[in-house]
Amino acid sequence: MRVGLFVTCLVDLMRPRIGFAALELLEAAGCEVVVPGGQTCCGQPGWNSGDRPAARALAEKVIAEFEPFDYVVAPSGSCAGMIKVHYRELFAGEGAWLTRAEALAAKTYELTDFLVNVARLQQVPGRFAGTVTYHDSCAGLRELGVKQPPRALLAKLPGIELREMKDAEVCCGFGGTFSIKFGDISAAMAQAKCERIQASGAGAVVLGDLGCMLNIEGRLRRAGDETTRVLHVAEVLTAGK
Amino acid sequence: MQVASLHFRERAAGALANERLQANLRRFGSGFADKRAAARRAFGEEAFEQLRDAAAEIRDRALGDLDAWLLRFEAEASRRGTTVLWAQDADEVCRLVLEVCRRHGLAKAIKSKSMLSEEAGLNDALGAAGVNVVETDLGEYILQLAGEPPSHIIAPAIHKDQDEVSALFVKHHGRPATDDIARMTREAREVLRPHFLSADLGISGGNFLVAETGSVAIVTNEGNGRMVTTLPRVHIAITGIEKVIPTLEDLSALNRLLPRSATGQDIENYFSILTGPRAPGDADGPEHMFVILVDNGRSGLVGGALKEMLRCIRCGACMNHCPVYQTVGGHSYGWVYPGPMGSVLTPAYQGIENALDLPQAATLCGACHVACPVKIPLPDLLRTLREMQTDRGLRPWGERAAFRAWAFAARRPWLYAWATRIAARLLHWMGGRRGRIARLPLAGRGWTLGRDFPAPEGRTFRDLYRVGRKRRA
Ligand code: SF4
């Protein structure tokens with residue numbers, strides 16, 4: 001199967017290694033992976049900020065770029081959620097575009113969801129030893145229902161121990177532009193999340209979305225925690241290679 | 001009540017800096033949310049979800065024919081001796097209540113919880129007209145002593161701790177301080193008892209209006225609601241027009257969800273269905289019963305972009321599950337209703353331009369939507385309000401320009417690649433050896449107020465991928 005990898009704008013800019021990790025996992029699952037070179041952003045920032053025309057223009061671009069593939073996979077619950085759930089709303093009531101948006105939505109997946117439920121990845125390529133706790137990112141969890149897949153994949157690593165934190169499903173306070181517009185509230189929410197992470201006693205917090213990752217890491221370091229690692233699930237699953 | 005929602009930012013900053021409030025909010029924490037989760041489990045998760053679907057459907061059915069159900073309610077209530085009055089706005093609520101006071105010579109009112117009377121600013125209006133008002137819900141009573149508005153729709157004084165309440169009681173009751181909660185409750189009851197017996201007017205809200213019987217359904221946990229609605233000569237129930245539901249059957253379905261969603265109880269301690277004043281031969285009840293049906297902005301939502309909001313049954317689950325609410329508390333929101341539902345209702349009822357921050361002050365995490373017993377898509381409604389702000393030119397110039405520039409670049413891959421390549425390098429350089437930035441300039445300043453900004457790796461994925469492919473080829 002031909003999979004179009006939607007790297008996402010944050011991975012592209014901030015953490016290329018997560019993009020390569022996602023690529024490696026998809027290949028390990030036997031997919032033929034294509035990375036369309038002109039991809040930029042799914043349009044979520046515009047959509048969430050009430051700028052429908054901007055979101056729409058980018059959605060059209062993504063649809064045109066990715067509709068040739070059998071599947072579209074993104075290492076992010078919120079970007080996959082944008083395509084899978086919100087494109088439909090963006091083109092509501094429009095015949096041709098809506099049909100294309102729905103077709104794309106039907107074959108778009110968050111990375112771990114795809115690896116477990118579609119590609120049925122049996123063995124993960126990485127080697128990782130240590131204790132981790134998993135933060136459920138909001139969009140992946142509540143828009144796409146991704147709860148078990150990342151845990152199932154992590155469990156395939158022999159050296160790993162998952163220690164669930166309390167309130168793993170509570171938002172970390174990122175919220176896109178919210179984190180800038182209401183930086184003080186956002187940081188206070190991140191602090192609450194960091195306390196839960198630390199209380200779990202795990203050496204690393206693992207998650208599936210770049211926004212949460214930057215938010216949590218930024219708050220941990222500012223608060224003086226230099227040791228708790230913040231890792232994308234794709235990095236962990238390909239670690240040590 | 002005055003709308004102070006334009007000052008959300010400052011109020012929230014004050015709340016964050018208030019250590020006592022922060023401690024109280026933390027103590028409240030996920031208490032109600034945990035209880036709801038337990039109640040849902042005990043009910044059966046699948047059955048609970050089916051009930052939510054059914055409840056949303058019941059509410060939509062009522063709202064789809066709102067005028068017809070309201071007229072039916074009026075006809076049935078009138079037939080059973082209740083006087084139904086209609087109020088267009090907050091002022092008219094006060095006017096109607098004062099009119100009843102004048103006509104029946106009423107000088108003293110006891111109240112059970114009513115958020116609508118907060119909307120109307122009723123206590124102040126009654127006080128100005130010389131009618132003595134006593135709140136009898138324990139939380140509301142505490143706030144009346146403190147001179148504060150509620151911070152939560154079902155636990156109005158949740159922002160106060162026991163010491164604060166004790167200090168208020170000492171000041172107003174003139175009795176020695178105690179730290180025993182049972183004794184404090186008893187003390188409040190003793191102070192309130194003479195008021196219950198001497199009042200000639202009882203004012204309540206109404207959780208549901210049942211059209212087929214013309215009844216007002218009221219749920220409370222303290223029993224004060226029952227006394228307020230039966231002891232005084234006159235009872236006035238004040239409710240929003242959206243509270244009407246067709247049948248008693250519907251009431252039973254909704255009331256299986258309300259307490260479970262609110263506090264995790266199977267049923268509230270007191271559940272009253274009030275149908276008309278005291279009839280000959282009745283053991284108790286008021287001589288006169290009034291229901292004031294209030295619009296105050298509600299009819300403007302019917303059939304519109306925010307119509308789902310009218311389903312709300314005021315359970316409080318959305319704020320109990322809201323991490324923003326739990327961080328800044330209810331008073332930050334600046335009007336009667338806090339949390340996610342308040343962030344929709346305040347701009348919807350008081351004008352979008354009067355609550356610009358509220359729809360923005362959310363991470364759209366979706367916890368409220370998942371918890372709402374009538375499945376109101378609160379994040380979608382907040383997003384819709386953001387869109388309305390943009391369409392009406394209410395967003396700051398700089399923000400619009402930034403989005404325009406971003407959208408322009410993101411549609412042109414070459415330009416975008418060039419811009420991100422520079423940004424990745426620059427930010428990487430700014431991050432230095434430790435790989436993080438302590439102070440971002442411009443809009444980024446908001447981020448680094450309370451967090452570092454982890455620096456990028458230095459090159460974009462697409463750059464590296466292109467180079468890698470060339471090498472492989
Ligand atoms: S919006 Fe939903 S969760 Fe919030 S108070 Fe209303 S019914 Fe309850």
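**Close-up 1. Helices α4 and α13 of chain B cross in this predicted model.** The axes of α4 (residues 45-64) and α13 (residues 248-262), both of chain B, come within 10 Å and cross at roughly 125°. Helices here are DSSP runs of H or I with at least four residues, numbered from the N terminus; their axes are lines fitted to C-alpha atoms over the stretch in contact, with angles from 0 to 180 degrees between N-to-C directions. α4(B) and α13(B) are therefore oblique to each other, a class left over once angles under 35 degrees (roughly parallel), over 145 (roughly antiparallel) and 65 to 115 (roughly perpendicular) are set aside. Their crossing is left-handed, meaning that the near helix is turned anticlockwise from the far one by less than a right angle.

**Close-up 2. Helices α4 and α6 of chain A also cross.** The axes of α4(A), residues 52-66, and α6(A), residues 95-106, come within 10 Å, with a crossing angle of roughly 60°. That angle makes α4(A) oblique to α6(A), and the crossing is left-handed.

**Close-up 3. Aromatic rings form a cluster.** Ring pairs (Phe, Tyr or the six-membered ring of Trp, centres within 6.5 Å) link F178(A), F182(A), F8(B), F28(B), F32(B), Y325(B) and Y333(B). Over all chains, 20 aromatic pairs are counted.

**Close-up 4. Arginine charges sit over tryptophan rings.** The charged end of R100(A) lies 4.4 Å from the ring centre of W97(A). In chain B, R451(B) lies over the face of W447(B), 4.4 Å from the ring centre. The rule requires NZ of Lys or CZ of Arg within 6 Å of the ring centre and within 35 degrees of the ring normal.

**Notes.** Residues are numbered from 1 along each chain as its sequence is written, and chains are lettered from A and ligands numbered from 1 in written order. Local features need pLDDT of at least 70, side-chain atom pairs count only at pLDDT 80 or more, totals for chains, interfaces and linings use all residues, and side-chain values use heavy atoms, without hydrogens and water.

Terms used:
Phe/Tyr/Trp six-rings, centres within 6.5 Å; stacked < 30°, edge-to-face > 60°. Helix = DSSP H or I, 4+ residues; strand = E, 2+ residues; numbered from the N terminus.
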